[in-house]
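Please look over the chain below.

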Amino acid sequence: MSSPPRRSRGPARGNHRGRARSQPPSEVISLGSWARGVRDIHGLSRPRAGLHVGVSGDFLKNLEEGMRPSEEYLDKFITGYQLDSAQARLTWDLWRPAVALPPVEQLREQIATPERLELLALLDRCGIVAAYIDPLWNIVAANESVYRILPETMAHTARTAGNLALGMLPPTPARSPIAPLLLDRDREIGWLVSNLRGAFGRYRTSPQACRLYQQLRRNRAFTTRWNTSIHVAHGRSPDEPLRLRHPATKLPYTLALQITDVSDLPEVRYLTAWPPPQPGPPPRE
């Protein structure tokens, strides 16, 4: 997994009374828009938020309008709102300069070593889904098992440099070829948007991040989640399997999904999915 944020805090509040404010369409995400969103989710005015966080309302106003605070005051922001570790990491990423994301074509060249390609083929022979993806959910390299679990239209798109996030959340009114296969569609959309929020924070000025964000904003489900939630994800818990419907048989099945970083290529994630242990028949008495 990626390195942790500078500080790790307690769990985020669960009782979100407000809504995160919609930001300008031209802006992916900034520290100011994130600070506004966190305050709106808590349903607080700036003076009340200042008391809550332990800073002045004028400080919060300046922060939300683009001021870059000191580390001390940013730490107060994280502590006062009790942001969780993923939210804290995003906050620090937005405080730091944006990182440039290499083009997916360059990442494909870097990842295509004989050892990695052989690993993908080996896992394919074992029936294990394996792929290298960039933080924006472009497939960098994948084995055949990836395409077998996708609908035919999406598999073809993925093979030709398609984006898996757009496959799930295409610009409205286009229909998603992936969404009908998800048994927990709302949960999976929420998780994907949370994951993209973390990626957009780090790579917010990269042309491909700006382009993908503009495309996703044309999807109502994405826009709703983006504007009304401050959840952030940088991976996936092994306790949250992916529940799917088989594209051919329509029967439900589950996959254990794991996403890790590639140590020598920080812009690439390694994704694997396999059948987790299934409950057997009840014991005979």
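## Helix packing and cores

Helices α11 and α13 are roughly perpendicular to each other, a term for angles of 65 to 115 degrees. The model is predicted: local features need pLDDT of at least 70, side-chain atom pairs count only at pLDDT 80 or more, and totals for chains, interfaces and linings use all residues. Residues are numbered from 1 along each chain as its sequence is written, and side-chain values use heavy atoms, without hydrogens and water.

The α11–α13 angle is about 65 degrees, and the axes lie 10 Å apart. Axes are lines fitted to C-alpha atoms over the stretch in contact, with angles from 0 to 180 degrees between N-to-C directions. Contact means heavy atoms within 4.5 Å.

| Helix | Residues in the contact |
|---|---|
| α11 | Asp-186, Arg-187, Ile-189, Gly-190, Val-193, Leu-196, Arg-197, Phe-200 |
| α13 | Ala-221, Phe-222, Arg-225, Trp-226 |

The chain has 13 helices and five strands. These are DSSP runs: H or I of at least four residues for helices, E of at least two for strands. Of its 285 residues, 49% are buried, meaning under 20% relative accessible area with a 1.4 Å probe, protein chains only.

The largest nonpolar core holds 69 residues. Such a core is a set of buried Ala, Val, Leu, Ile, Met, Phe, Trp, Tyr and Cys residues joined through side-chain atoms within 4.5 Å. Trp-34, Trp-137 and Phe-200 touch the most other members. Helix α11 (residues 185–202) gives the most to this core, seven residues. A second, separate core has 13 residues, among them Leu-107 and Tyr-270.

How values were computed. Buried means under 20% relative accessible area, exposed over 50%, partly exposed in between (1.4 Å probe, protein chains only). Angles under 35 degrees count as roughly parallel, over 145 as roughly antiparallel, 65 to 115 as roughly perpendicular and the rest as oblique.
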